[in-house]
There are 2 protein chains.
Amino acid sequence: MDTPTSSLPGPQVPVFNPPKRLLMGPGPTDVPERVLAAMARPTIGHLDPAFVEMMEQVKTLSRYVFQTSNPLTFPISAPGSVGMEACFVNLVEPGDTVVVCVNGVFGLRMVENVKRCGGTPVIVEDAWGEAVDPAKLRATLKSHPETKVVAFVQAETSTGVLSDAQTLAGIAHEHGALVIMDCVTSLGGVPVLIDAWGIDAAYSCSQKCLSCTPGLAPVTFSPRAIEHVYARKTPVQSWFLDLNLVMGYWSGEGGRTYHHTAPINPLYGLHEALRMIAEEGLESAWARHQRMHDLLKAGLGELGIELLVKPEARLPQVNTVLIPDGCNDAAVRKQLLTEYNLEIGAGLGALAGKVWRIGMLGYGAREENVQHCLSALREVLR
Amino acid sequence: MDTPTSSLPGPQVPVFNPPKRLLMGPGPTDVPERVLAAMARPTIGHLDPAFVEMMEQVKTLSRYVFQTSNPLTFPISAPGSVGMEACFVNLVEPGDTVVVCVNGVFGLRMVENVKRCGGTPVIVEDAWGEAVDPAKLRATLKSHPETKVVAFVQAETSTGVLSDAQTLAGIAHEHGALVIMDCVTSLGGVPVLIDAWGIDAAYSCSQKCLSCTPGLAPVTFSPRAIEHVYARKTPVQSWFLDLNLVMGYWSGEGGRTYHHTAPINPLYGLHEALRMIAEEGLESAWARHQRMHDLLKAGLGELGIELLVKPEARLPQVNTVLIPDGCNDAAVRKQLLTEYNLEIGAGLGALAGKVWRIGMLGYGAREENVQHCLSALREVLR
C-alpha cells in the first residue's frame, strides 16, 4: 500500500482554458489584450503609495468618462448591481418617496432597492421598448410633491432603449428632487454628461462600454448628494456601501484609512481600460458606436430582421431585434455559440423568447465583429 | 492651428507598472504566476456553458477548502467584508439577539453589521491579543436565552489570534443558536472544518491563504442556515446579497438565472488558486504555514523581537510583533517598502503604533520570504 501523504486529498479539477468567444451580448464584452495584460501584473498592497497613486488616476479617468468634476467619483469594489445599491442605500431613508421610471428590468430592480431601503416607490411606467415619457414624470411629480429622489435608467440594457436623461433630470430638479441615474450600458457608448445634466448620483459597470472584466462599478456623487448622506437621520443599512466610511479610503485627505481590501488586479484592468477611452476620446468612441449601429442595422435589414425600438430611442450599443417567425430562440443562440463562437444575448423578463440583444460595446464595437455577426446570422437563419 | 479631433480630450495618464513587492502584511499576499496568468485569459459570458462548468468546479474546490458538503458554497462577487455582510443580512432580522465575540477589529465590524440589520448585539469581550474565552460565551448565552445567532472571528487579522472555533461553535449549539464564523485569514492556513464543527455560515476572502487577487469572498451556508433564510419574516435588506436571489445564479437546478454579472476573470484566478491548494493538499498547506511560523519566530527571537500573542493562541500566518522600543513605526515600514520592496502590516485600531503584522499567507509562506524578511529587519533595525 502506498503511504498517503494526506488524509484530505483535494478534488482533481483540470485547468480552465476558456474558449475564445466573440461577445456580442449585452455585456460582458470582449476585453482588449492590453487590459487582460494589465490584470496579470504583480499584486501590490491596497495601501501601497504606488497603488494610491494609481487610484487617483482611476478617479481622474472616471471623472472624464462621466464628464464630471465631482470629487467623489470612483469604482465600487463590486458589480454594477452594487453600484445601483450604493446609490439607493445612501440617498434613500425609511419613509422617503422615490419616483422610479420603469421601462425594463433595471427600472424594476431600482424599485426593489427602494423597497429594501424602506422607501416608498412611486412608479412612472412605460412599455418595454419605449423611452421614459417626460410628461408622465412631470405629472407624477406634481401629484407627489414630497418626492425626495427621482431615479431612471438612461439606457435600458434589457430593451436597448435610450431615454432623454437631460430632460428627465431637468424635470426632477424643477421639483427639487435628487436624481439617481443608471448609466450601466450608456457610459462610454453615448453621451453621459453628469455635470451638464445635474445628475446627483450615477453608477455604471466595468464590463460594457468600458471593456474591462466585470466586477467593478464606477459611481459618482455630486456635492449635493453627499450633503444628503451627511444629513441622514438613520445609518446607511450597508456597512460596505456607507459612503461615510468608503470616502476614508477613496478620498482620504492626507492619508487613506483602511476600509476594505480593494480588488487590486481588476483595478489595474480598469485603469488600462479607462486609459484606452481617454486615448480615443469620448466623442470618437460615441461616433464609432453609432457607425457600427448603422452598419449592423443595414445588414439586419437585408436579412429581414427588424429592430424592436423606434429610431429616435435606439441605443447604438445594444440592438434589440425581433426573433424572426418560426425561429427557435435557444437553438439559434446555441448554434451561434458552438459553431461560430459568437455570443448574442437572450431577451430578459417580459421580452424573453421574443428578442435577441446584439451588443457592440466599447472594444466590441468594431466592423469585423459586425460582419462576423451578420454572416453567422445569415448562415444560421438560412 | 492643429485641427482638434475632439473637444473633450482625455486626461494623459501613463501606463501603470506596479513595483514588484514582497507582500508580508496581513493580505493581500503574493499571487502566484499561475493565478495571474489565469486572470489574463479571454473573458467569456457569465451564462456561457463553459463558464457555468467552471463555476461548478469553483464550488467543488471551495467545499474542499471549507471541508463541507454544504451545497450553497460559492464566492460572493465582492471583497471579504461583503462576505461578512452577506452572512449577517441573511441570518439576522430586526429584533434578533446576536451574541458577538469581540477581540479585535473584525469582531467590532460584526457588531456594526448586527446593528445595521436592526439586530441587538450582545458583546462577549476579550482583550486585543487574547483568544475568545469560551467560559464568557457560555455565561452570556445563559443570561441571553433568546440569542438567535452567535458570531465570532476564528482568526483575528488585526491581532494574529486564533480562537478555538470548535469549542465556541459547540457552546452556541448547546444553546440552540446559529453560528456565523469569520475565517477570512484562517481558511487555507489552519484547519477550518465547517461540517465537523457545525458552522452554519462562514465567509472568507480570496487574497489571504488562498493567494488570489482581492475581490472575492468564498462563503458557505448550512442547510439549517438556508431554512432560516427561507423562513424570514422580513425581506433581506440587500438586493445583491439576498441568498434567495443569489441561489438562482450559483445553484440553479436545470439552468442559471441571471442575477448579476459575475466577475469572470477574477473567478478564473480563484479557480486556479483553489486548484493549487487541492494539489498541495490542505494538511500539507497547514503544516507549511506552521513550519514557516516556527522559522520566523526563531529568527525574530535572535533579533530580540517579541510576539504579542501567547503561544497557545498564535496564528501561524499573521505574526503580530511588538515594535521594539525607540523604533519609529512608520519610518521602518517605509524603509522596508522603498529599500527592500517588502511590505509588512501596521497595527490596526487599538494596536496602531504598537505592533507590526508579519504575514505569511498561502503562497507567501515560503522559506525564502521568511529569510528575506528577517535579513531586511536585521539591517533596518541595526
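How many residues of chain A are in contact with residues of chain B? In this predicted model, 77 residues of chain A are in contact with 77 residues of chain B, where contact means that the C-beta atoms of two residues, placed from the backbone, lie within 7 Å.

## Ground rules

Residues are numbered from 1 along each chain as its sequence is written, while chains are lettered from A and ligands numbered from 1 in the order in which they are written. As the model is predicted, local features need pLDDT of at least 70 and side-chain atom pairs count only at pLDDT 80 or more, whereas totals for chains, interfaces and linings use all residues.

## Where the chains meet

Let us start with the side of chain A that touches chain B. At least two residues of it come from each of helix H1 (33-39), helix H2 (49-66), helix H3 (80-91), helix H4 (105-116), helix H10 (264-280) and helix H11 (282-302) of chain A. Helices here are DSSP runs (H or I, at least four residues), as are strands (E, at least two), and both are numbered from the N terminus. H10(A) gives the largest share, nine residues.

By class, this side of chain A has 37 nonpolar, 27 polar and 13 charged residues. Ala, Val, Leu, Ile, Met, Phe, Trp, Tyr, Cys and Pro count as nonpolar, Asp, Glu, Lys and Arg as charged, and the others, Gly among them, as polar.

## Symmetry of the pair

Two copies of a chain are related by a rotation about an axis and a shift along it.

The same surface serves both copies, with 100% of the contact residues of chain A recurring in chain B.

## Two domains in chain A

Chain A is divided into domain 1 (22-29 + 282-380) and domain 2 (33-277), with bounds from an automatic or database domain assignment. Taken over C-alpha atoms, the centres of the two domains are separated by 26 Å.

Across the boundary, 26 residues of domain 1 of chain A are in contact with 25 residues of domain 2 of chain A. On the domain 1 side, H11 and strand E11 (318-322) of chain A give two or more residues each, and H11(A) has the largest share, four residues. That side divides into 16 nonpolar, eight polar and two charged residues.

## A helix pair: H3(A) and H4(A)

The axes of H3(A) and H4(A) come within 9 Å and cross at roughly 40°. These axes are lines fitted to C-alpha atoms over the stretch in contact, and angles run from 0 to 180 degrees between N-to-C directions. That makes H3(A) oblique to H4(A); angles under 35 degrees count as roughly parallel, over 145 as roughly antiparallel, 65 to 115 as roughly perpendicular and the rest as oblique.

Here A:Met84, A:Glu85 and A:Phe88 in H3(A) meet A:Arg109, A:Met110, A:Asn113 and A:Val114 in H4(A). The contact has four nonpolar residues, one polar and two charged.

## Backbone details worth a look

Most residues other than glycine have a negative phi, and most peptide bonds are trans. The peptide bond from A:Gly27 to A:Pro28 is cis, with omega near 0°, and A:Pro28 sits in the loop between strand E1 (22-24) and H1 of chain A. In chain B, the bond from B:Gly27 to B:Pro28 is cis, with omega near 5°.

A:Ser211, a residue other than glycine, has a positive phi, near 60°. A:Ser211 is in the loop between strand E9 (201-203) and strand E10 (217-221) of chain A.
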